[in-house]
Amino acid sequence: MNLALNAVALQTIVRKEMVRVLRIWIQTVVPPAITMTLYFIIFGNLIGRRIGTMDGFDYMQYIAPGLIMMSVITNSYGNVVSSFFGAKFGRHIEEMLVSPMSNATIIIGHVAGGVLRGVLVGLLVTIIALFFTKLEVRHPFITISIVLLSSVVFALAGFINAVFAKKFDDISIVPTFVLTPLTYLGGVFYSISLLPEFWQKVSLANPILYMVNAFRYGILGTSDISIGVAYAILVVFVVMLFVGCQQLMRRGVGIRE
Amino acid sequence: MVTIARLMQALSITNLTKTYANGNQALKGIDFSVALGDFYALLGPNGAGKTTAIGIISSLVNKSAGEVEIFGHNIDTELEAAKTCIGLVPQEINLNLWEGVHNIVLNQAGYYGLGRRLARERSEKYLRELRLWDRRDDSARSLSGGMKRRLMIARALVHEPRLLILDEPTAGVDIEIRRSMWDFLRDINDAGTTIILTTHYLEEAESLCRHVAIIDEGRIIEDARMSTVLRKLQREVFVLSLAEPLGEAPDLDGFETLLREDGELEVDKGPAVNLNDLFAQLAARNIKVLSLRNKANRLEELFMRLVENKQNGFEEPAAR
């Protein structure tokens, strides 16, 4: 593999993805900001006052890390799935497929685009959260690494969704029927210690629970799960999904006849 | 010797086969090669397998069997090197219509590993040559059909490929732009770029290409130099515009004639006679000719005959 060529190609994809995110900022950046502001007002401010504290934190403070992580996850996923499927649909994916850059470069470039959008929106939501509550980052390395790893996992998952998608409906099925329920049930709004024992065990099968809780640990220092397990799960997912993406690209599934 | 012969080839295809998932066998073991620096026409009716062959060469379609070598690089073992040599202008518009004209070309340069500075120089060069520089900041969707086609050519050339593949590049382009594109392609070819062209405008292939292959139903039915192919055309039909109308078609030795409703005279010329004979006989009858044209493009005539012959079971052996 020609490393210099692939480095330039990677830069090109990342630049193109960022230009796309910023060009359509009204679709990519504004909606999550509005949605999260509503969450903070309704769940944090209005309902949260009646709930009181959770794990020793006021409710607004408790849900803020989960809401930040939720926006990172959905935007990382959404960016890659819409960008890559859009390229497939408009056939300009052929620009990349005829070029000598490697499949790994195409994957990493799109994933980097997804991560950048996820982080950008995450930062924006964090700034919004600071208008409603006080957040002090207890473990900066854990906070940053968990955000990046989670973002990579969902960007890779978005890539796979885009590879298999044949029509625009197909790129909204997973976010609607899988991602959103798992996120809501992933401890964004509550501690699983509130659940009956059986449902606590069921919740442990939800990978988003580990991401939300590890991130919450990074910021607030409290978590329902082991941080080591969260890292292990994230790394395993990154490796599995990247290998899966590589296989799909190598075989040309959904992109080569 | 084999090695030297291969070094002289821009493209070598051996026993290339493609069967789609629905069972359609688009290519049935085709062989052809394109010499370095050639301007090569790949012609055939719709669904003949041209675009599939081009898709395989440019790695957009997975082949079922066979070998493809581009400047000696086998696409199975040296795909990256093979891809670096190719520039593709596909049949269908595949531009990101929301992207700016300049960015489209710059991005393509980046995909081929060109640094930003060189990419800017090259993109300006080709956008200027293809008369798109003034539209560089516009989005692709705002361009006319002809401009989009020219943009796809600029995009394909930005890494200065040794082999340029054009799949119907002038479809839907007006005649003035088409002619200027022909001049541009001739210049590119004169500068050393090997070109493979598919087109439905057979006068385009006849005017530009030095070699022609005709593909039909997944098989190559003709593959020879353009001049050799055209010599195979035994009969030609000319249309003569006359100074004065005739009452009936004249009887000319060695020619079949037909007086058309619009007053023009159609003359069918066989291989044994030449146009001097025709004019001599017309002059002897005091028939003045204002102008003369081929009834159909010569390559078109031959193309139709080859395809029709094949459909009727009279397959001619492919000349090499």
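A residue counts as buried if 20 or more other C-beta atoms lie within 10 Å of its own, as exposed if 12 or fewer do, and as partly exposed in between, with C-beta atoms placed from the backbone. Keep that in mind as you explore this predicted model, where local features need pLDDT of at least 70, side-chain atom pairs count only at pLDDT 80 or more, and totals for chains, interfaces and linings use all residues. Residues are numbered from 1 along each chain as its sequence is written, while chains are lettered from A and ligands numbered from 1 in the order in which they are written.

**Stop 1: helix 4 of chain A**

Select residues 59-89 of chain A to see helix 4. (Helices are DSSP runs of H or I with at least four residues, strands are runs of E with at least two, and both are numbered from the N terminus.) Of the 31 residues in helix 4 of chain A, 28 are buried. From first C-alpha to last, helix 4 reaches 43 Å, close to the expected 45 Å; the expected span is 1.5 Å times one less than the number of residues. Now click on A:R91, just after this helix: its phi is positive, about 70 degrees.

**Stop 2: where the chains meet**

Show both chains. The contact takes 22 residues from chain A and 26 residues from chain B, where two residues are in contact if their C-beta atoms, placed from the backbone, lie within 7 Å. On the side of chain A that touches chain B, helix 1 (3-23) and helix 5 (93-97) each give two or more residues. Helix 1 of chain A has the largest share, 7 residues.

**Stop 3: all of chain B**

Select chain B, with its 11 helices and 14 strands. Its C-alpha atoms fill a box of roughly 70 × 45 × 40 Å along the principal axes. Of its 320 residues, 41% count as buried.

**Stop 4: strand 8 of chain B**

Zoom in on residues 194-198 of chain B, strand 8, where 5 of 5 residues are buried. Which way do the residues point? B:T194, B:I196 and B:T198 point one way from the strand, and B:I195 and B:L197 the other way.

Strand 3 (residues 39-43) of chain B runs parallel to strand 8 and is joined to it by 3 bridges, with B:Y40 partnering B:I196. Strand 7 (residues 163-167) of chain B also pairs with strand 8 in the parallel sense, over 5 bridges; here B:L164 partners B:I195.

Key:
Pairing = 2+ DSSP bridges.
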